[in-house]
Each structure stands twice: as C-alpha cells, then as structure tokens.
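Q: Hey, could you help me get my bearings in this protein? I'd like to go through it bit by bit.

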Amino acid sequence: MATTTYQGLEILFSRQQIAERVAEMGAQITHDLAGEKLVMIGVLKGAAPFLADLSRTIQVDATFDFVATSSYGKGQRSSGAVKLIKDLDHPIEGKNVLVVEDILDTGLTLSYLRKLFLQQHPKSLRIATLLDKPSRRIEKIEADYVGFSIPNLFVIGYGMDYAERYRNLPDICVMPPGAPE
Ligand code: PRP
C-alpha cells in the first residue's frame, strides 16, 4: 500500500527522497559552476520551496531573483500563451543564470522564459527543474538538471498547488482524479 499523508494523499516523493535528490543536484551545480558567480531565478510561485532548498546545497556565490508568469485557461491543463506578470529586478547581462522551476510540463513557460532571458545576453543560462513530465511536452526544451522524471500525474505539494492549495505539503503527492477542492 502506498504511503499517505495525514490528508490521505498518496506520496509520490517523500521529503527525505526530495532532500537527497536536491542535494545531488546541488552538488552537480556546484561542480559545474565552480569559481563562478550565479543568479538563481525562481519562477513563482511553485518553485519557491525548491529554490530555497536547492540554493542551500549549492556552494557557489549566488544571488536570487524571481519572475512570475501566467498562462491562459490553466486549470489541471496548460494551454496557450504565456504572459510575464513579474519581471526580473536586476539585469542578467554577462551573468551565469540558473532558472529554477518546480515542474517542466508542456515547456511553454520555460521556452518563453529562456527566449526572454537570452535576449539579455547572460554569460550562461541553465535550467533546473525538480520534476519533468516529458510526455506532456509541446515546446522542444530540456532542463540541464532534472530531479525526477514522472509520468502524466497531477502532482501537488512542495510548492505545487491545486487551486492554490497544498503548496505547503512537505512531500510531493498525487492529486486523485476528480478530487473535490
Ligand atoms: C507551473 C510550474 C511551471 C509551469 C510549467 O506554474 O510552476 O511554471 O506550470 O508548465 P508548462 O511547462 O506547461 O508551461 P503555474 O503556472 O501553475 O504557476 P504556479 O507556479 O504559481 O503554481
């Protein structure tokens, strides 16, 4: 039987599994950016817990910035155009950028952001995503660092929401189909 939370939700990745994988990702990023400076750009809101944890496993001189995007008609499905609703606070020209996402799904968000950021001529641009759903991809984009590749499940917790709820669950859980809000 699957492990469940106090709310009866099935746990896909426990807090321990997440912490171990995040530490591995941080070690890899530390290795790849040794001696460099880094700007970590979190994509609000879902990426906030991942950025907070990942950043503390990266032993590189790092700063934070945040953007927020929205896409039209987004419930349990992504669709259509992406809109920037919060821009960067600081220029990224000549900087090493690490875009930090909780989940790479259709790829619409990260394709949009990658294009936007590359127009500003960073020194380098890398993408870290905790979860990847390759089967859902519409835009051709891959992350440089992937925590876990998953099938097409609706996941919540560790930053990810259903109608803005569940972001504070410490584990990544599966939202049962047809579940009430
Ligand atoms: C989620 C997630 C990514 C995006 C991925 O954000 O955090 O930003 O969707 O989907 P895509 O690859 O299909 O574009 P969401 O728009 O749900 O906002 P949130 O982070 O505030 O929950």
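Q: To start, which strands are included in what covers the buried residues of helix 3?
A: This is a predicted model, so keep that in mind throughout. The cover over the buried residues of helix 3 includes strand 2 (37-44), strand 3 (61-71), strand 4 (82-86), strand 5 (96-104) and strand 6 (124-132).

Q: And which residues of helix 3 are the buried ones?
A: Helix 3 runs over residues 108-118, and its buried residues are Leu 108, Thr 109, Leu 110, Ser 111, Leu 113 and Phe 117.

Q: OK, switching to the largest nonpolar core. How many residues does it have, and which have the most contacts inside it?
A: That core has 25 residues. Leu 54, Leu 98, Leu 130, Leu 131 and Ile 172 have the most contacts inside it.

Q: Which elements give two or more residues to this core?
A: Those are helix 1 (15-32), strand 2, helix 2 (48-55), strand 5, strand 6 and strand 7 (145-149). Helix 1 gives the most, with four residues.

Q: What does Leu 98 touch?
A: Leaving out residues up to four places away in sequence, Leu 98 touches Ile 29, Leu 38, Val 39, Met 40, Ile 41, Leu 54, Ile 58, Arg 126, Ile 127, Ala 128 and Tyr 145. There's also a second, separate core of 16 residues, and Ile 41 and Ile 127 are among its members.

Q: Ala 128 was in that list. Where is it, and is it buried or exposed?
A: Ala 128 sits in strand 6. Ala 128 counts as buried because its relative accessibility is 0%.

Q: What does Ala 128 touch, apart from residues up to four places away in sequence?
A: Its contacts are Phe 50, Leu 54, Leu 98, Val 99, Val 100, Glu 101 and Tyr 145.

Q: Why does Phe 13 count as buried?
A: Because its relative accessibility is 11%. Phe 148 counts as buried too, at 14%.

Q: And why is the pair of Phe 154 and Tyr 162 edge-to-face?
A: Their ring centres are 5.7 Å apart and the planes are at 90 degrees, so the pair is edge-to-face. Both Phe 154 and Tyr 162 are buried.

Q: Last one: how much space lies in the second largest pocket?
A: About 220 Å³. It is lined by 14 residues, and the closest to its centre are Leu 38, Val 39, Thr 63, Pro 91 and Lys 95.

Q: What gives the largest share of that lining?
A: Strand 3, with five residues. By class, the lining has six nonpolar, four polar and four charged residues.

Methods: Residues are numbered from 1 along each chain as its sequence is written. This is a predicted model: local features need pLDDT of at least 70, side-chain atom pairs count only at pLDDT 80 or more; totals for chains, interfaces and linings use all residues. Side-chain values use heavy atoms; hydrogens and water are left out. Buried means under 20% relative accessible area, exposed over 50%, partly exposed in between (1.4 Å probe, protein chains only). Contact means heavy atoms within 4.5 Å. A nonpolar core is a set of buried Ala, Val, Leu, Ile, Met, Phe, Trp, Tyr and Cys residues joined through side-chain atoms within 4.5 Å. Rings of Phe, Tyr and Trp (its six-membered ring) pair if their centres lie within 6.5 Å; planes under 30 degrees apart count as stacked, over 60 as edge-to-face and the rest as tilted. On a 1 Å grid over the protein atoms alone, a cavity is a set of points where a 1.4 Å probe fits but cannot get out, and a pocket is an open set with protein on both sides within 12 Å along at least five of seven lines; lining residues have an atom within 4 Å of a point. Grid points are joined across faces, edges and corners, and a volume is the space filled by probe spheres set on the points. Ala, Val, Leu, Ile, Met, Phe, Trp, Tyr, Cys and Pro count as nonpolar, Asp, Glu, Lys and Arg as charged, and the others, Gly among them, as polar.
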